[in-house]
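Have a look at the structure first, then read on.

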Amino acid sequence: MTPVSLKMPRRLVVEVSEAARRRGVSRSALIREAVEAFLSTERVAQPESALSLALDLVGAFPGPEDLSTNPEYMRGFGQ
């Protein structure tokens with residue numbers, strides 16, 4: 001594992017230490033669990049947008065800059 005250093009208020013260090021002791025794990029293990037739990041809820045709460053999913057395609061093809069907004073390009077489409 002890669003070591004990471006962080007600064008926390010003394011009050012939080014005490015709370016983390018007590019929670020780790022109650023659970024019978026190290027402070028590092030408790031903090032890893034907490035970060036994993038936070039990140040897993042962030043992944044669920046923040047779904048990717050269509051733009052972020054297609055970002056590698058944006059601007060990858062030649063064409064007019066207003067292709068997605070100018071209705072003239074759709075004239076006669078589907079007829």
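Let's start with Glu15, which comes out as partly exposed, at a relative accessible area of 42%. Keep in mind that this is a predicted model, so everything here is computed from it. The partner of Glu15 is Arg11: the two form a salt bridge, with 3.1 Å between the closest N and O atoms. Arg11 itself is exposed, with a relative accessible area of 54%. Both residues belong to helix 1 (residues 10-23), and since they are 4 residues apart there, about one helical turn separates them.

Another salt bridge joins the side chains of Glu33 and Arg23, at 2.9 Å from N to O. This pair links two helices: Glu33 is in helix 2 and Arg23 in helix 1, so the contact ties together parts that lie 10 residues apart in sequence. As for solvent, Glu33 is partly exposed, at 37% relative accessible area.

How many salt bridges does a search of the whole structure find? The count is 3. Here they are side by side:

| Salt bridge | N to O distance |
|---|---|
| Arg11 and Glu15 | 3.1 Å |
| Glu33 and Arg23 | 2.9 Å |
| Arg75 and Glu72 | 2.5 Å |

Now for the charges as a whole. The protein carries 10 positive and 10 negative side chains. The centres of those two sets are 20 Å apart.

On to the overall fold. The protein has 3 helices and 0 strands, and reading along the sequence gives the pattern α-α-α. Is the protein compact or spread out? Its radius of gyration is 25 Å, well over the 12 Å that the globule rule gives for 79 residues, so the protein is more spread out than a compact globule. The box tells its own story: along the principal axes, the C-alpha atoms fill roughly 70 × 25 × 25 Å.

Ser17, which is in helix 1, and Gly78 are 61 residues apart along the chain, and their C-alpha atoms are separated by 67 Å. Ser17 counts as partly exposed, at 27% relative accessibility. The other pair is Leu55 and Val14, which are 41 residues apart along the chain and have 44 Å between their C-alpha atoms. Leu55 is placed in the segment after helix 3 (50-53), and this leucine is exposed, with a relative accessible area of 53%.

What about burial and surface? Of the 79 residues in the protein, 8% are buried. The protein exposes about 7,400 Å², and 59% of that area is supplied by carbon and sulfur atoms.

Which residues form a nonpolar patch on the surface? They are Val35, Phe38 and Leu39, which together have about 260 Å² of accessible area. One of them, Phe38, is found in helix 2 (residues 27-45). Helix 2 also holds Glu33, the residue that reaches Arg23 in helix 1.

Technical notes. Residues numbered from 1 in each chain as written. Predicted model: local features only at pLDDT ≥ 70, side-chain atom pairs only at ≥ 80, totals over all residues. Heavy atoms only, no water. Patch = residues over 30% accessible without salt bridge, like charges linked within 9 Å, V, L, I, M, F, W, Y side chains within 5 Å. Areas by Shrake-Rupley, 256 points an atom, 1.4 Å probe, with all protein chains shown as cover. Salt bridge = Lys/Arg side-chain N within 4 Å of Asp/Glu carboxyl O. Rg over C-alpha atoms; globule rule 2.2 N^0.38 Å. Buried < 20%, exposed > 50% of the residue type's maximum accessible area, 1.4 Å probe, protein only. Lys, Arg positive; Asp, Glu negative; His and termini not counted. Charge placed at Lys NZ, Arg CZ, Asp CG, Glu CD.
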